[in-house]
Amino acid sequence: MSGYHVAPADGLVKLDAMENPYQLPQNLRTQLASQLAALPVNRYPAPDYGELKDIIARVYDIPATARVVLGNGSDELILMLSMAVAGSGQPIVAPAPSFVMYGISGQLAGARFVGVNLTPDLMLDGSAMLAAIAAEQPALVYIAYPNNPTGACFDDEVIERIITRAPGLVVLDEAYFPFAGKTWMQRLTQFPNLIVMRTVSKIGLAGIRIGYLAADPAIAAQLEKVRPPYNISVLDEAAAVFALNHIDVLDEQAALVRGGRQAQADGLAALPGLTVFPSMANFLLVRVPDADKVHAGLLKRRVLVRNVTKMHPLLSNCLRITVSTPQENALLLQAMSETLSSLSTQA
Ligand SMILES: *Cc1c(COP(=O)(O)O)cnc(C)c1O
């Protein structure tokens, strides 16, 4: 196995991790600092995290019949899900390529992981998914909606068929929900095996490690058994409550990023030799003439993007690039354009 690699980013324009480029405004940061200063850090967190769960349920309109489970980032929720199902002996199934932690966490927990290849245009292969579900009888199926690292939301009718036919849990990972504006949250009441998972990481709070999922109470009760008792720190909890009380600020920032996405896609697609895949997330998957050389050329120009060419054969020569501020988007376009022309004069 290989672990999850995080590239050093000091002094670089950081477009590799789908972070929100905007900080909280200074007045809110000052208020947050004084709230954090008042917390009793000598005490363990209150074990039920009721205040945070309540505000998540309210802000995100979670159906009253569902229960919220919190993780230290959705990465920890993925690990908890893996541990919860590994003992069943049934595998975990997900499209491939998708979020790499589904496979890494599953295998670390001792489960078998089965990836079902996307189609060559990087969309869900519905019949291959349904065939894998019938053959493998997975305890758990993941679908990232939109998918990382490809960017699209897969077809809702196909997803519905997967949820209906899966013998176990189906997790819709909506990490990019604020950029897609589409969700399965309201359909939780319709499908008892559905789990909707999200994170606050991509909307500006990646540093505070909070993920949440909503599920039927019976499922949530099982997941609570594998949750480490104090998995969210009092500082993280309070910062998340504070930020969600100012959700309008985070929503405006997400809207700025979303508003620049199409222009950035068009700008990249206009450069020679680039193919840009359709995205409903805050990143673009781009096929370039030579991913290793273009990645190095961008780095030489102080821009860090994610080279995903080795992640999966379907991603050959692909880079994943965060959509950022107008300034950083322009820097990327400039660096890309220079890199491509220097490669073509070398050739
Ligand atoms: C970024 C990402 C996550 C991880 O989010 P954290 O809450 O920061 O752990 C989960 N799923 C997908 C699809 C992601 O892209």
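The paragraphs that follow treat the fold, the ligand site and the backbone in turn.

This is a predicted model, in which local features need pLDDT of at least 70 and side-chain atom pairs count only at pLDDT 80 or more, while totals for chains, interfaces and linings use all residues. Residues are numbered from 1 along each chain as its sequence is written, and side-chain values use heavy atoms, with hydrogens and water left out.

The protein contains 12 helices and 13 strands; these are DSSP runs numbered from the N terminus, helices being H or I with at least four residues and strands being E with at least two. Its radius of gyration is 20 Å, close to the 20 Å given by the globule rule for 347 residues, so the protein is as compact as a globular protein of that length. That radius is taken over C-alpha atoms, and the rule is 2.2 Å times the number of residues to the power 0.38. Along the principal axes, the C-alpha trace spans about 60 × 55 × 35 Å.

The ligand sits in the largest pocket. A pocket is defined on a 1 Å grid over the protein atoms alone, as an open set of points where a 1.4 Å probe fits, with protein on both sides within 12 Å along at least five of seven lines; a molecule sits in it if more than half of its atoms lie within 2 Å of its grid points. Around the ligand are 13 residues, each with a heavy atom within 4 Å of it. The closest are Asp173, Tyr176, Thr199, Ser201 and Lys202. By class, this shell has 4 nonpolar, 5 polar and 4 charged residues, where Asp, Glu, Lys and Arg count as charged, Ala, Val, Leu, Ile, Met, Phe, Trp, Tyr, Cys and Pro as nonpolar, and the others, Gly among them, as polar.

The protein covers 94% of the 390 Å² of accessible area that the ligand has on its own, by the Shrake-Rupley method with a 1.4 Å probe.

Asn148 also takes part in a cis peptide bond, to Pro149, with omega near 15°. Another cis bond runs from Tyr145 to Pro146, with omega near 5°. Pro146 lies in the loop between strand S5 (140-144) and helix H6 (156-165), and Pro149 is also placed between S5 and H6.

Notes. On a 1 Å grid over the protein atoms alone, a cavity is a set of points where a 1.4 Å probe fits but cannot get out, and a pocket is an open set with protein on both sides within 12 Å along at least five of seven lines; lining residues have an atom within 4 Å of a point.
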